[in-house]
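Work through the two exercises below with the sequence and the structure in view, and try each task before you read its solution.

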Amino acid sequence: MLYVAIVYRFQFLGAKTFADITQRYVRRILSLMPSNCTCVNVVGDRYDIGEDKSLKGDERQRRNQSEQSREFHPSNALPVPDFKMLMKNPRNKANLLEFVTESLFVDKQMIPENVAFILGGSSRDSGRTVVISNSTVSTLAELSYGLHEEADARIMAHLWYSVEQLGCTRTVVHSTDIDIIILSMYYYCCLASLPELRVQTKPDRFLAIHELVASLLPRT
């Protein structure tokens with residue numbers, strides 16, 4: 001299993017229009033896949049939960065009161081704006097993920113035949129999780145949840161599903177977020193059937209979570 005936080009890590013990959021972004025994202029994700037990887041998970045944050053129910057309601061209110069860029073609605077012919085300016089408005093990240101997901105619905109052939117993409121929190125119904133293969137698109141009810149706001153926590157649900165339901169035994173999470181590292185250590189201990197879990201923080205740096213956890217356990 002591979003998890004990638006694509007927006008901030010990749011930005012636009014040199015694309016000039018939104019039509020180019022999906023293909024460039026898919027190519028980059030495929031280049032990161034470990035050998036024999038058959039399942040790729042991409043998870044997005046939720047931005048459609050009201051501030052009264054949001055875990056980050058106060059922070060979202062503060063951001064809304066500060067200067068924001070205008071909202072963009074991506075289309076194939078639309079030139080991509082400056083990335084930092086785009087990200088000042090959190091709705092633009094959600095719109096970008098929706099656009100990429102819907103583009104994959106149409107151009108499924110970008111995905112290799114032996115690989116499945118599992119996308120959570122990225123479609124127009126952002127509680128929905130979808131499985132996209134080279135030929136099909138389907139809803140994954142087990143990972144579809146209307147109030148799951150944080151991508152950091154949501155990826156742990158994807159991790160559990162990939163291990164317990166799909167039988168994955170080697171997993172790689174791409175993230176530089178310390179929260180992901182701590183969550184990975186905790187949930188690794190809950191997944192007895194998962195021998196190897198790594199977090200890739202840099203292109204050449206992998207944290208072996210299974211070894212880190214073993215080193216912290218008391219010796220018997």
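**Exercise 1: two helices in contact**

In α2, Phe-18, Ala-19, Ile-21, Thr-22, Tyr-25 and Val-26 meet Leu-96, Phe-99, Val-100, Ser-103 and Leu-104 of α5, where contact means heavy atoms within 4.5 Å. The model is predicted, so local features need pLDDT of at least 70 and side-chain atom pairs count only at pLDDT 80 or more, while totals for chains, interfaces and linings use all residues. Residues are numbered from 1 along each chain as its sequence is written, and side-chain values use heavy atoms, with hydrogens and water left out.

Task: Find how the residues of the contact of α2 with α5 divide into nonpolar, polar and charged, and describe how the axes of the two helices cross.

Solution. Begin with the residues of this contact, which divide into nine nonpolar, two polar and no charged. Next, take the axes of α2 (residues 18-32) and α5 (residues 90-106), which come within 10 Å and cross at roughly 75 degrees. Since angles of 65 to 115 degrees count as roughly perpendicular, α2 and α5 are therefore roughly perpendicular to each other.

**Exercise 2: the chain and its confidence**

Task: State which elements of the protein chain have the lowest and the highest confidence.

Solution. Start with the whole protein chain, which has eight helices and eight strands, and whose mean pLDDT (the predictor's confidence in each residue, from 0 to 100) is 83, with 85% of its residues at 70 or more. Then compare the elements: confidence is lowest in strand β1 (residues 2-4), at a mean of 52, and highest in helix α8 (residues 209-216), at 93. Where pLDDT is low, the predicted coordinates should not be read in detail.

How values were computed
Axes fitted to C-alpha atoms, helices over the stretch in contact; angles between N-to-C directions. Helix = DSSP H or I, 4+ residues; strand = E, 2+ residues; numbered from the N terminus. Parallel < 35°, antiparallel > 145°, perpendicular 65-115°, else oblique. Nonpolar A, V, L, I, M, F, W, Y, C, P; charged D, E, K, R; others polar.
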